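Please walk me through this complex, one chain at a time. Finish with the contact between the chains.

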Amino acid sequence: MREREDEWTDLMRSAISGDDAAYHRLLKAITPVLRAAARRGLARAGQPVDQSEDIVQDILLAVHLKRQTWDTSAPFAPWLFAIARNKLIDALRRRGRRIFVNIDDFAETLPGETPEPTVSPGEVTAQLQALPARQRDVLQSIAVDSTSIKDTAAKFAMTEGAVRVALHRGLASLTAKLRDR
Amino acid sequence: MDTDQLIRTLTADNAYRARPIGLALMLALLAAAPVSLLIFFAELGVRPDVMTAMHNPFFDLKFAVTLALAASAIAVSLHLSRPEASLRSFGWWLLIPAGILVAAISGEMMMPQRTPMMTRLIGKNSVACMTAIPAMSLPLLVGALYGLRHGAPARPAVAGAVAGLLSAGLAATVYASHCTDDSPLFVATWYTLATAIVASVGALMGARALRY
């Protein structure tokens, strides 16, 4: 467990200094842990666990957009679990339950425990449709069609800089829509 | 969009660098400050005897209290903008201005006074103080909340209240140069009430604005 969390901290430091591959590995590594915790939280609240993927995506978006609040000299896991806990409580509250989420829900996950997603999540996809056309096109091109930023720029006759801006704004407004729905 | 696709998209956005919270907060406060100063100079202005007042230690102490409030609330705000932070470790910083105020009151008690205690406490400017500090705080509070939206506070209402304290501290610093009531008893009563109003407004606004 210690080792795993130290590895996350190293990956996040590399990610922040510009290593995209490290960032990808980190997000992939934390996802099953978040998924397990989301399922446990839903189960305890008597909610169907097939909604866990919406919560996982919510947490991943928050991790991404708030990563500048992580102090690079501190361990990554407590920061991550604080964000995850906040988002999980929010999600359960929205579903009409007040519930205490134990921080151990996140830390407890055993390394071997890697649950697979159950149902394709609906909330992010639904909110994606409500974005301004430019942001939606760019997000869809990069996320769904897995086109690179360069090729997306060529496809929509935009500069790469403009694609990057639309991508970031798209992610930020997606998060705002998920929060305020 | 499945989770792998989302992760790929977030990775594509890795190059984006958000402003550090401290910088975001400072820029937002600098943008809001002219509005507060406009209210001050249009409605109040610096007191005419400011040059002689500066020789009165109790006039100067008002600034020590309000600046200590602003500085400690800024530090606590920045701390609270982290998701894993709580008031527990840094909250006591907010007691520094209160401590200065208590020391000032005891200092004044030990000196011979021409006016009775209640007269000093009630003063002449209580209404102005209670109106001007909240009015000048409001633009700063909006600015502070805007800047702090870059953060991820665990308790948005608490973070909003501290943003209220920092705005009130800054507004009261400017207001103190207008107010002719220099007794620490006056400050402890009316400045505190005005600050409490702003902190409550901050808590209400923050509960919505600072959710992430």
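In this predicted model, 47% of the 212 residues of chain B count as buried. Burial here means 20 or more other C-beta atoms within 10 Å of a residue's own. The C-alpha atoms of chain B occupy a box of roughly 75 × 35 × 25 Å along the principal axes.

Chain B is built from ten helices and zero strands. From the N terminus on, its elements read α-α-α-α-α-α-α-α-α-α. Now take the contacts in chain B with a separation of 6 or more: 89% of them join residues 24 or more positions apart. Confidence in chain B averages a pLDDT of 93. Residues scoring at least 70 make up 100% of chain B.

Turn to chain A. It has 181 residues, and 41% of them count as buried. Nine helices and zero strands make up its secondary structure elements. Along the sequence the pattern is α-α-α-α-α-α-α-α-α. Among contacts in chain A with a separation of 6 or more, 64% are between residues 24 or more positions apart.

Next comes the interface. Chain A contributes 37 residues to the contact, and chain B contributes 27 residues. On the side of chain B that touches chain A, the largest share comes from helix H1 of chain B, residues 3–12, with nine residues. By type, this side of chain B holds 14 nonpolar, seven polar and six charged residues.

How confident is the predictor in the complex, in terms of ipTM and pTM? It gives the complex an ipTM of 0.87 and a pTM of 0.89.

Key: Residues are numbered from 1 along each chain as its sequence is written. Chains are lettered from A and ligands numbered from 1 in the order in which they are written. This is a predicted model: local features need pLDDT of at least 70, side-chain atom pairs count only at pLDDT 80 or more; totals for chains, interfaces and linings use all residues. pLDDT is the predictor's confidence in each residue, from 0 to 100. Two residues are in contact if their C-beta atoms, placed from the backbone, lie within 7 Å. Helices (H or I, at least four residues) and strands (E, at least two) are DSSP runs, numbered from the N terminus. Ala, Val, Leu, Ile, Met, Phe, Trp, Tyr, Cys and Pro count as nonpolar, Asp, Glu, Lys and Arg as charged, and the others, Gly among them, as polar. A residue is buried if 20 or more other C-beta atoms lie within 10 Å of its own, exposed if 12 or fewer, and partly exposed in between; C-beta atoms are placed from the backbone.
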